[in-house]
Amino acid sequence: GCASAALWDIDSNPGRQHLGISGCGSIVTYKRGAPDFCSVIGRTPIKSGVHYFEFVTHRIGDELWVGLVDDISIVGPRTNLRAHRSAFTYYCGRRRNSSSSLRDGQASLQGGGKVEQRFEP
């Protein structure tokens, strides 16, 4: 079986029609023609302790961000997590644009609605 912490919750996601799930719930795919973004949460919330996360990405379009939120109401295709005060994300930077902006171009750690740390490509 799969560990419950590794399972994604797409059933209650307002953008579920844009998502596919496989690998006993541990692999999320984004369907062709979907909106620019759609955030997904795990089925089991993190309540305390120290945790290690590893995200394996098989394909990145123009950009990708992964991270944590403390407000499940922002899940789905409506809220840009990089700009939200309740989200803490790693942003890979834009692939198809040479913008030097940390907010919308360069790889960075973003938290609480602001850029915290730039990463070298």
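Me: What is the accessible surface of the protein, and what share belongs to carbon and sulfur atoms?
Reply: The accessible surface comes to about 8200 Å². Carbon and sulfur atoms hold 51% of that surface. The model is predicted.

Me: How many of the residues count as buried, as a percentage?
Reply: Of the 121 residues, 31% count as buried. Each of these has under 20% relative accessible area.

Me: Which elements does the protein have?
Reply: There are eight strands and zero helices. From the N terminus on, the order reads β-β-β-β-β-β-β-β.

Me: What makes β2 and β3 a pair?
Reply: Pairing needs at least two bridges. Strand β2 (residues 19-22) and strand β3 (residues 27-30) are joined by four bridges, so they pair. The two strands run antiparallel. Leu19 stands opposite Tyr30 in β3.

Me: What do β2 and β3 form, and what is found in the turn?
Reply: They form a hairpin, with four residues between the strands. Gly23 in the turn has a positive phi of about 60°.

Me: Why is Ile46 called partly exposed?
Reply: Its relative accessibility is 44%. Buried means under 20%, and exposed means over 50%. The value for Ile46 falls in between, so Ile46 counts as partly exposed. Ile46 lies in the loop between β4 (41-42) and β5 (65-69).

Me: What does Ala87 touch beyond four places in sequence?
Reply: Ala87 touches Leu68, Val69, Leu81, Gln110, Gly111, Gly112 and Gly113.

Me: Why is Phe119 called partly exposed?
Reply: Phe119 has 31% relative accessibility. That value lies between the 20% and 50% cut-offs, so Phe119 counts as partly exposed. Phe119 is found in the segment after β8 (114-118).

Me: Where do the contacts of Phe119 lie, leaving aside neighbours within four places in sequence?
Reply: Phe119 is in contact with Tyr90, Ala107, Ser108 and Leu109. The C-alpha atoms of Phe119 and Gln106 are separated by 7.6 Å. These two residues are 13 apart along the chain.

Terms used:
Residues are numbered from 1 along each chain as its sequence is written. This is a predicted model: local features need pLDDT of at least 70, side-chain atom pairs count only at pLDDT 80 or more; totals for chains, interfaces and linings use all residues. Side-chain values use heavy atoms; hydrogens and water are left out. Contact means heavy atoms within 4.5 Å. Buried means under 20% relative accessible area, exposed over 50%, partly exposed in between (1.4 Å probe, protein chains only). Accessible areas come from the Shrake-Rupley method with a 1.4 Å probe; for residues, only the protein chains shown count as cover.
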